[in-house]
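Hi,

Here is the structure I promised to hand over. Have a look at it first, and then read on for what turned up.

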Protein chains: 2
Amino acid sequence: MNFTHKVRHARERSNSLLCIGLDTDWRTVPDSIRGSANPVLEFNRAIVEATKDIACSYKLNLAYYEAYGEAGIEAMKGTLDAIPEHIVTIGDAKRGDIGNTSDQYAYAYQELYNFDSITINPLMGTDAVQPFLKHSDRGVFFLGLTSNPGAQDFEYLELKNGKRLYEEITDKVREWNREKHNCGLVVGATKPAELRALRERAPELPFLVPGVGAQGGSLAEVLAANDEGEILINVSRAVAGASKGEDFAEAARAAALKLVQEMRELSPMLRNSLQSA
Amino acid sequence: MNFTHKVRHARERSNSLLCIGLDTDWRTVPDSIRGSANPVLEFNRAIVEATKDIACSYKLNLAYYEAYGEAGIEAMKGTLDAIPEHIVTIGDAKRGDIGNTSDQYAYAYQELYNFDSITINPLMGTDAVQPFLKHSDRGVFFLGLTSNPGAQDFEYLELKNGKRLYEEITDKVREWNREKHNCGLVVGATKPAELRALRERAPELPFLVPGVGAQGGSLAEVLAANDEGEILINVSRAVAGASKGEDFAEAARAAALKLVQEMRELSPMLRNSLQSA
């Protein structure tokens, strides 16, 4: 099963487009689990347990695990172990380097930690990203158009050939995807008009869309713009951070379920049934 | 002391421009140390011990430490502990993400691991890099023009405003540097003509130049092109990988010393004295 198929399979089985972001900060976990051996792992396991029947994907933001040292590696591994096989796991790494270095990153995240997919920064070009694209069942989401204000500095730049840089990147990602169907694109939820145009430009690429919720993106606008392409909509703080109390897992489930119900009403790709949740 | 001053101070004290890259692969350390508790740390300590009087900087390529799991964190910390205070340490991370995520990376590499500087990918723009620029004594080397073939895909793209993308990035890095003098630029050694033009464009920025040695860049061409700007010339495999035998540390010292002697002959910024080594 190539990566694009895995995304579709996860969507069909969960009847959901929800990617739950696990940006778990060891300094701000709920008091109720602060005494456990590895509070970040404890937190993540509880969130996964409470949401795994309605999540299509989980995204671990590696910055938070790196900021937790050795315990962060333990938390990352343990979290991945807790996620059911059919759900798409994403290591949000935004790495990218020359070939022999990218080989090491690919080894770390595809073999040692066994993520289904990772996010990669495409700036250094083809030879820098090839080590991540060797296996058809391991996906790469390339930064296309991000949701932050700084996207204006470089991503939006107009090129002499008439394209914007993010459009040039998208065209290159389509080339990289042709052989193994294992590429996707990160497109910020705060830019629905551009998302619509990118969907027309690259109908075959799965999109990973951060920015709904805390960053201000609208779920309805994103789904209208996306049409019927494969899409994973990431929500981090608004789900995993829904409550800081003892009820954090139940609150996360309630927030996730509300989002999934909205998705099922809004997206023609999902069955409009609430009972399965 | 701001970061630019720290680079200058390290250059003056070592009378060297050599940055030794520690891309230590746990799978290929010399047999003679394979039995030690942490062979990567053992290897790095021996290299640092053998070269610290002639090195201006050490660069740890984080991919290799991530590929080594928990032991990689131990090796990274222990290596940093072994490097004398006046030498510039670089975490070659090539990170970059939206603000709250970059905050975590900045915490990890500036506070938890205490690198003097890190490499950062500028693609996501100003707000994404700000968290790394809060402290004048902590430097950031931004990817400017890299030494690999894939640099053609995006970095060289011609913009409507007449610049190449890497020139636009360089101009932005100059802006980011203005307040705290803590920015530098990564410029590949395989492009001496472009390095010369970038040096004229940004005389105040320290350059981190990989690509001499295994990647084919010429030390003489780089130093001629650089004129008198602050510059750290990174060599990884040709120093730390000079021998796979028991004599790996002595071989590394011999290779480093040869490079430093060449630098002292070629660069007007160094005292042309060999006896101090």
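A quick definition to start with: a contact here means heavy atoms within 4.5 Å. This is a predicted model, in which local features need pLDDT of at least 70 and side-chain atom pairs count only at pLDDT 80 or more, while totals for chains, interfaces and linings use all residues. Residues are numbered from 1 along each chain as its sequence is written, chains are lettered from A and ligands numbered from 1 in the order in which they are written, and side-chain values use heavy atoms, with hydrogens and water left out.

Chain A by itself: among its contacts with a separation of 6 or more, 69% join residues 24 or more positions apart. Of its 277 residues, 64% count as buried (under 20% relative accessible area; exposed is over 50%, partly exposed in between, with a 1.4 Å probe and protein chains only).

A:Arg8 counts as partly exposed because its relative accessibility is 43%. A:Val88 is 80 residues away from A:Arg8 in sequence, yet their C-alpha atoms are 9.8 Å apart.

Now the interface. Chain A and chain B each bring 59 residues to the contact. About 5000 Å² is buried between them, 54% of it from carbon and sulfur atoms (buried area is the accessible area, 1.4 Å probe, that two parts lose on being put together, summed over both). On the chain A side, A:Gln104, A:Leu123 and A:Phe154 lose the most area to chain B, together 16% of what that side buries.

What about charges? There are ten salt bridges between chain A and chain B (a side-chain nitrogen of Lys or Arg within 4 Å of a carboxyl oxygen of Asp or Glu). One of them pairs A:Asp153 with B:Lys172, with the closest N and O atoms 3.5 Å apart. Several elements of chain A each supply at least two residues to the side that touches chain B, including α4 (69–82), β3 (88–95) and α7 (165–177). The largest share, eight residues, comes from α5(A).

Over to you!

Key:
Helices (H or I, at least four residues) and strands (E, at least two) are DSSP runs, numbered from the N terminus.
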